[in-house]
Amino acid sequence: AAQAPLVLKASVLPSRIFDFVATAVTIDAACSFQVHAGNGIVLAQFANFDAGAVGKQLTGKLHPAAIQAGGQAIVVSWNAGGELTKQAGFGSPDAAGAWMAAVKKQFDPRGILNPGRFVV
């Protein structure tokens, strides 16, 4: 079996799962989902994802849909070719991200621990 070009994990409010799934289906009607309705976790496996439209689809639709649904989304697996930007993989930085960056800077001022991962 071929690997999916994109697997995305979203953590949203349980009452807003359908909104997030509806957005994902507009990008790929063949997308399959594993949904945990009790805690709002959605794993979306895209069967058809255009790597050329990664910015438009991930940062323009999927990440904002997760934020509107009261949560966030991250890329779990990317096999569509090319590299993802940090913003495409993890979404735009928010207040929590800024706080984590400040903590990391305090404990790792030279940036040698996990460079380029999650927090700068």
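How many salt bridges does a search of the whole structure find? In this predicted model, the search finds two. The protein chain has a mean pLDDT of 84, with 86% of its residues at 70 or more. Among its elements, strand E2 (residues 32-36) has the highest mean pLDDT, 96, while helix H3 (residues 86-90) has the lowest, 68.

One of the salt bridges joins Asp19 and Arg16, with the closest N and O atoms 2.6 Å apart. Asp19 is partly exposed at 35% relative accessible area, and Arg16 is also partly exposed, at 29%. Lys104 and Asp108 form a salt bridge too, with an N to O distance of 2.7 Å. Here Lys104 is buried, its relative accessible area being 18%, and Asp108 is buried at 8%.

Aromatic rings come next. The whole structure holds two aromatic pairs. Phe46 and Phe49 pair edge-to-face, their centres 5.7 Å apart and their planes at 70 degrees. Phe49 also pairs with Trp78: the centres lie 5.8 Å apart and the planes stand at 80 degrees, so this pair is edge-to-face as well. Because Phe49 sits in the loop between strand E3 (41-46) and helix H2 (54-68), and Trp78 in strand E4 (residues 72-78), the pair ties together parts that are 29 residues apart in sequence. Through these ring pairs, Phe46, Phe49 and Trp78 are linked into a cluster. Phe46 is buried at 0% relative accessibility, Phe49 is buried at 9%, and Trp78 is buried at 17%.

Note on methods
Residues numbered from 1 in each chain as written. Predicted model: local features only at pLDDT ≥ 70, side-chain atom pairs only at ≥ 80, totals over all residues. Heavy atoms only, no water. pLDDT = per-residue confidence, 0-100. Helix = DSSP H or I, 4+ residues; strand = E, 2+ residues; numbered from the N terminus. Salt bridge = Lys/Arg side-chain N within 4 Å of Asp/Glu carboxyl O. Buried < 20%, exposed > 50% of the residue type's maximum accessible area, 1.4 Å probe, protein only. Phe/Tyr/Trp six-rings, centres within 6.5 Å; stacked < 30°, edge-to-face > 60°.
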